[in-house]
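Here are my notes on the model you asked about, written as numbered points. Keep the picture open while you read and find each piece as we get to it.

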Amino acid sequence: MLIAGFPAGAWGTNCYLVAPAAGEECVIIDPGHQAAQGVEEALKKHRLKPVAVVLTHGHIDHVASVVPVCGAHDVPAWIHPEDRYMMSDPEKALGRSIGQQLMGELTVGEPDDVKELGDGATLALAGMEFSVAHAPGHTKGSVTFRMPEQAATSGNQGCPPVFFSGDLLFAGSIGRTDLPGGDHAEILRSLERVCLPLQDETVVLSGHGPQTTIGRERATNPFLREVAAGLGDGAPQRPAPRRGM
């Protein structure tokens, strides 16, 4: 499997291109602020043909390049219905103080073809499967995408399970919950339901920051440790480092 990722724009949002191998069809995850050029460079470098854009949530730092990327390649965008409005109304999604700063520099709106994600769905795209889990807390419509472990075959060394966590889980932290639609207790429940059952070797590719694993976060991430210990909603709200929106 090929995963090409790069941080884009003012918030360093990770955009990923996922394909079975170079020279094949691919899926683009979270083409955010100023990501379009990086997407085109990665497509050319790896000789990839996009078939879809999938979005972990609707904040503008994850969706700002959806319209140009989908339009250039005539592909649909997938997003959870509770976050769909954010593509056209980032000011409502971020709050007036942040949203007004952005409205002058960004062209917002939906691509021509928008499809809605559901909890527990399996997307079969580009010869791959992505399991969708609704994981609210950062936003009401946040989702994650999980790809199963791939066994080694002739010419392929295989790979562990891969988990695209969006802004639910970061290396050492979790997503912020102080924007409209955010909820600290809800994100803790999502961590418990979505992250804790995953295998330790699962590779975590998040919306911001470096790659990690579930095992590493289970052992060191203070929020995941609190949830695993059963502290849950009763735990004090310690501030999370703010990454992105």
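1. Let's begin with strand β2, residues 13–19. Seven of its seven residues are buried, so the strand is largely enclosed by the rest of the structure. One caution before going on: this is a predicted model.

2. Now look at where the side chains of β2 go. In a regular strand the side chains alternate between the two faces of the sheet. Here T13, C15, L17 and A19 point one way, while N14, Y16 and V18 point the other way. Both sets are buried.

3. Which strands does β2 pair with? On one hand there is β1 (residues 2–8), which pairs with β2 in the antiparallel sense over seven bridges. If you want to check one of those by eye, find G5 and its bridge partner Y16 in β2. On the other hand there is β3 (residues 25–29), also antiparallel to β2, with three bridges between them. For that pair, look at L17, which stands opposite I28 in β3.

4. The hairpin of β2 and β3 has five residues between its strands, and G23 in the turn has a positive phi of about 85°.

5. Zoom out to the whole sheet. It is an open sheet of six strands in the order β1-β2-β3-β4-β5-β6, and the pairing is mixed. β1 and β6 (114–116) stand at the edges with a single partner strand each, so one side of each has no neighbour in the sheet. On average, neighbouring strands are turned by 25° against each other, direction ignored.

6. For a parallel pair, go to β4 (residues 49–54) and β5 (residues 77–79), which are joined by two bridges. V53 stands opposite A77 in β5. Helix α3 (residues 66–73) packs on the sheet and touches β3, β4 and β5. The direction of α3 makes about 145° with that of β4.

7. Which residues of α3 are buried? They are V66, V69 and C70. Seen down the helix axis, the buried residues fall within an arc of 95°, so they line one face of α3. That buried set packs against β3, α1, β4, α2 and β5. The face turned away carries the exposed residues G71 and A72. Just after the helix, D74 takes a positive phi of about 55°.

8. V67 is another residue of α3. V67 is partly exposed, with a relative accessible area of 34%. Leaving out residues up to four places away in sequence, V67 touches G109, E110 and P111. As for A77, the residue from point 6, it is ten residues from V67 in sequence, and their C-alpha atoms are 8.8 Å apart.

9. What holds the most contacts inside the largest nonpolar core? That core has 29 residues, and the ones with the most contacts inside it are L17, I28, V39 and V53. At least two residues come from each of β1, β2, β3, α1 (36–46), α2 (60–63), α3 and β5. β1 gives the most, with four residues. Take V39 as an example: apart from its neighbours within four places in sequence, V39 is in contact with F6, C15, L17, I28, P31 and V69. There is also a second, separate core of 21 residues, which includes I29, A52, V162 and L205.

10. Last, the chain as a whole. It has eight helices and 14 strands. Of its 245 residues, 53% are buried. If you take the contacts with a separation of 6 or more, 62% of them are between residues 24 or more positions apart. The accessible surface comes to about 10,400 Å², and 47% of that belongs to carbon and sulfur atoms.

Note on methods:
Residues numbered from 1 in each chain as written. Predicted model: local features only at pLDDT ≥ 70, side-chain atom pairs only at ≥ 80, totals over all residues. Heavy atoms only, no water. Buried < 20%, exposed > 50% of the residue type's maximum accessible area, 1.4 Å probe, protein only. Pairing = 2+ DSSP bridges. Axes fitted to C-alpha atoms, helices over the stretch in contact; angles between N-to-C directions. Contact = heavy atoms within 4.5 Å. Core = buried A, V, L, I, M, F, W, Y, C linked by side-chain atoms within 4.5 Å. Areas by Shrake-Rupley, 256 points an atom, 1.4 Å probe, with all protein chains shown as cover. Arc of directions from axis to C-beta.
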